[in-house]
Amino acid sequence: MIHKILATSALALSLAAGTMAAAAPEKSAVLDTYADIAEAKYADSLAAARSLQAAVDALIAQPSAEALQAARHAWLAARVPYQQTEVYRFGNAIVDDWEGKVNAWPLDEGLIDYVGAAYGGPTDENEFAALNVIANASFSLSGETIDAGKITPELLAETLHEADGIEANVATGYHAIEFLLWGQDTNGHAPGAGNRPWTDYAQGDACTGGNCDRRGEYLKAATDLLVSDLEWMTGQWAEGGAARAALMENEDAGVSAILTGMGSLSYGEQAGERMRLGLMLNDPEEEHDCFSDNTHNSHYYDGLGIQNVYLGQYVRIDGTLVSGASLAELVAAQDPALDAEMKGKLSGTMLALGRIKTAAEAGFAYDQMLERGNEGGEALIMGGVNGLIDQTKSIERVVSALGLDLIEFEGSDSLDNPNAVFQ
């Protein structure tokens, strides 16, 4: 028995030595895989946005409860590939400069359409918080009268989006479309998403909410703009695209870009701004997909995006696998134990985010989890937060193991200076 144990131990040592001796992939090959996955993710996001575009066109052409529900389903499906692209932020300037057009949040929805009486009106911080451009064919901006008689992609992108330099004036992207499909979620911490009636797009006397033609015009303009924005970004990652070329200029800087995206999304953005902050404030308005109650999926697919760039693997919406030389292999060649640690941390985070997703799909909505005193909800959310923080520590170790310059990840007051949240 002793000899068998010794033999097994010797074999394990031999295998470990073999792992340590495995040749590292070329950094250029790792960057190629990362860029290939980016191109595939944005192409999938574009394909899903085109499906959403078709559903929106059908809703506008022939409004019905069924058509509205089909558009909502298309929006939810479109979020799956897009959320997995968010790991390309922070390290890639082209993505960071562009991302606010398509995924900015939270938004002052009164800028776009009618809102409930409890919403409030213009504030010192944002005089356009209740502009309601759908109901107003002209308005004044910076002393100039704006003709909004026709709602076009250009009006949304060039004039209305971040009007007056205020980030909450979100006029474009997924969340503007989400609001137009679901309406406000007025349920607070109770279950239930927004419940905009299909008649908000009806014609003639059946129209509710007023200005149904302009509402359809806005929805179409925003959806068409989303498609064109995703077309542009997909091209940036194709062969010869600017984002791919920038990544390849310097191999060490390219690897740092991968890790910057992983660490910043893990820590400051997702663990902090998207999860911990909402829990501290117990505010359902801090949900990422607050109108549709889809936040559990947004968190899950953000986490999956981090994991799949480390592993160098992405499953496309048609089921095909995009894979190649990976950051994991690069780390394993340098420090197999650290690679195993990193993979374990990523898996643990996905398990925690999966628990949130499963609970929400079973009827325990994310807004309910955010309610003050809901211990079960707090435990679920903090499980995800702690997993993301923990994996960031391993990402920091990867930076050091690969001999890269120190990377400063995005932070969040909710994690770094909690008292500031309430000031």
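Glu162 lies in the loop between helix H5 (153-160) and H6; helices (H or I, at least four residues) and strands (E, at least two) are DSSP runs, numbered from the N terminus. The phi angle of Glu162 is near 55°, a positive value in a residue other than glycine. With a relative accessibility of 33%, Glu162 counts as partly exposed. In this report, buried means under 20% relative accessible area, exposed means over 50%, and partly exposed lies in between (1.4 Å probe, protein chains only).

The model is predicted: local features need pLDDT of at least 70, side-chain atom pairs count only at pLDDT 80 or more, and totals for chains, interfaces and linings use all residues. Residues are numbered from 1 along each chain as its sequence is written, and side-chain values use heavy atoms, with hydrogens and water left out.

**Backbone features in loops**

Asp293 has a phi near 55°, a positive value in a residue other than glycine. Its place is in the loop between H9 and helix H10 (295-311). Asp293 is buried, with a relative accessible area of 15%. Another loop, between helix H4 (93-103) and strand E1 (138-141), holds Pro106. A cis peptide bond joins Trp105 and Pro106, with omega about -15°.

Asn187 is placed in the loop between helix H6 (174-182) and helix H7 (212-237). Its relative accessible area is 30%, so Asn187 is partly exposed. Apart from neighbours within four places in sequence, Asn187 is in contact with Gly192 and Ala193, where contact means heavy atoms within 4.5 Å. A polar atom of the Asn187 side chain lies 2.8 Å from the backbone oxygen of Gly192. Between Asn187 and Thr152 there are 35 residues of sequence separation and 32 Å in space, C-alpha to C-alpha.

**The disulfide**

A disulfide is a pair of cysteine sulfur atoms within 2.5 Å, and by this rule the count comes to one. The partners are Cys207 and Cys212, with their sulfur atoms 2.1 Å apart. The torsion about their S-S bond is about 95°, so the disulfide is right-handed. Cys207 is partly exposed at 23% relative accessible area, whereas Cys212 is buried at 5%.

How many of the eight residues of helix H11 (residues 327-334) are buried? Six of them are, so H11 is largely enclosed by the rest of the structure. The buried residues are Leu327, Ala328, Leu330, Val331, Ala332 and Ala333.

Two packed helices are described by the angle between their axes and the distance between the axes. The axes of H11 and H12 come within 5 Å and cross at roughly 140°. Axes are lines fitted to C-alpha atoms, for helices over the stretch in contact, and angles run from 0 to 180 degrees between N-to-C directions. H11 and H12 are therefore oblique to each other; angles under 35 degrees count as roughly parallel, over 145 as roughly antiparallel, 65 to 115 as roughly perpendicular and the rest as oblique. The contact is made by Ala328, Val331, Ala332 and Gln334 of H11, together with Pro336, Leu338, Asp339 and Lys343 of H12. These residues divide into five nonpolar, one polar and two charged. Here Ala, Val, Leu, Ile, Met, Phe, Trp, Tyr, Cys and Pro count as nonpolar, Asp, Glu, Lys and Arg as charged, and the others, Gly among them, as polar.

Glu341 is found in helix H12 (residues 336-361). Beyond its neighbours within four places in sequence, Glu341 is in contact with Ser394 and Arg397. Glu341 and Gln391 are 50 residues apart in sequence and 8.9 Å apart in space, C-alpha to C-alpha.

**Two serines in helices**

Ser256 is placed in helix H9 (residues 251-281). Leaving aside neighbours within four places in sequence, Ser256 is in contact with Leu404 and Ile407.

Ser414 lies in helix H15 (residues 413-416). Its contacts, apart from neighbours within four places in sequence, are Gly272, Glu273, Arg276, Leu277, Met280 and Val421. The Ser414 side chain makes a polar contact with the side chain of Ser412 (2.7 Å). A polar contact is a pair of N or O atoms within 3.5 Å; within protein, one must be able to donate a hydrogen and the other to accept it, and residues adjacent in sequence count only if both atoms are side-chain atoms. A polar atom of the Ser414 side chain also lies 3.3 Å from the backbone oxygen of Gly272.

| Residue | Relative accessibility | Class |
|---|---|---|
| Glu341 | 25% | partly exposed |
| Ser256 | 15% | buried |
| Ser414 | 4% | buried |
| Cys290 | 10% | buried |
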